[in-house]
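Okay, thanks for coming, everyone. Let me put the fold up on the screen and walk you through the sheet and a few of its helices.

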Amino acid sequence: MKQTQTRYSLQTIRPEFDDAIANIIRQGGIEYGAMGEGFGPSDAEVSAMSRHYQPEQGSLYRIATIAGQVVGGCGIAPFNGSATVCELRKLFLLPTSRGLGIGKALALECLAFGRDQGYQQCYLDTLKPMTTAIALYQSLGFEHLNQPLDGTLHDGCDVWMLKQLESE
């Protein structure tokens with residue numbers, strides 16, 4: 001049986017992708033019961049991701065496309081204004097694009113950017129039902145925390161993780 005590989009491309013968010021990624025993030029929020037205050041899909045930045053993620057300000061949001069259609073994205077930004085701790089943010093994929101390695105590729109690019117920016121640690125928060133995402137984070141070296149880092153905006157989350165960013 002011949003296995004076909006879906007071709008995707010990754011690129012930095014631009015204004016023309018804002019609506020598509022906002023819809024994907026909100027769909028994911030609905031799917032996992034993560035809508036409303038305290039959850040990432042309800043953050044104000046979701047409506048205009050390209051304006052909130054600027055590499056020259058220490059943040060980056062990457063999107064994935066298949067055949068020109070946005071299928072997901074992932075970002076990284078300073079955690080609560082920190083110069084040493086960044087946060088992996090809003091990794092969401094359409095259900096049809098999961099399991100293709102896209103989430104891992106997006107996360108790896110964001111983590112490399114964080115490392116290049118001089119961040120020493122990367123934090124994230126998520127939800128227990130997002131088991132596939134949690135497994136991905138663990139495979140990337142994230143370790144579970146017993147509580148969120150002080151200053152998190154996502155108090156609705158129930159899984160908190162941290163990764164040490166070694167210089168390579």
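So, in what order do the seven strands of the open sheet run? The order is β1-β2-β3-β4-β5-β7-β6, with mixed pairing. Two strands count as paired if DSSP finds at least two bridges between them. Helices (H or I, at least four residues) and strands (E, at least two) are DSSP runs, numbered from the N terminus. The edges are β1 (9–12) and β6 (143–145), each pairing on one side only.

Quick caveats: this is a predicted model, where local features need pLDDT of at least 70, side-chain atom pairs count only at pLDDT 80 or more, and totals for chains, interfaces and linings use all residues. Residues are numbered from 1 along each chain as its sequence is written, and side-chain values use heavy atoms, with hydrogens and water left out.

Zooming in, β2 (residues 60–66) and β3 (residues 69–78) pair antiparallel over seven bridges. Y61 sits opposite G75 in β3.

Now the helices. α1 (residues 18–31) packs on the sheet and touches β2, β3 and β4 (85–93), contact being heavy atoms within 4.5 Å. The direction of α1 makes about 85° with that of β3; axes are lines fitted to C-alpha atoms, for helices over the stretch in contact, and angles run from 0 to 180 degrees between N-to-C directions. α4 (residues 131–139) also packs on the sheet, touching β4, β5 (121–126), β6 and β7 (159–164), at about 20° to β7.

Last, α3: its buried residues include L106, C110 and F113, buried being under 20% relative accessible area (1.4 Å probe, protein chains only). After α3 comes G118, with a positive phi near 95°.

Conventions:
Buried means under 20% relative accessible area, exposed over 50%, partly exposed in between (1.4 Å probe, protein chains only).
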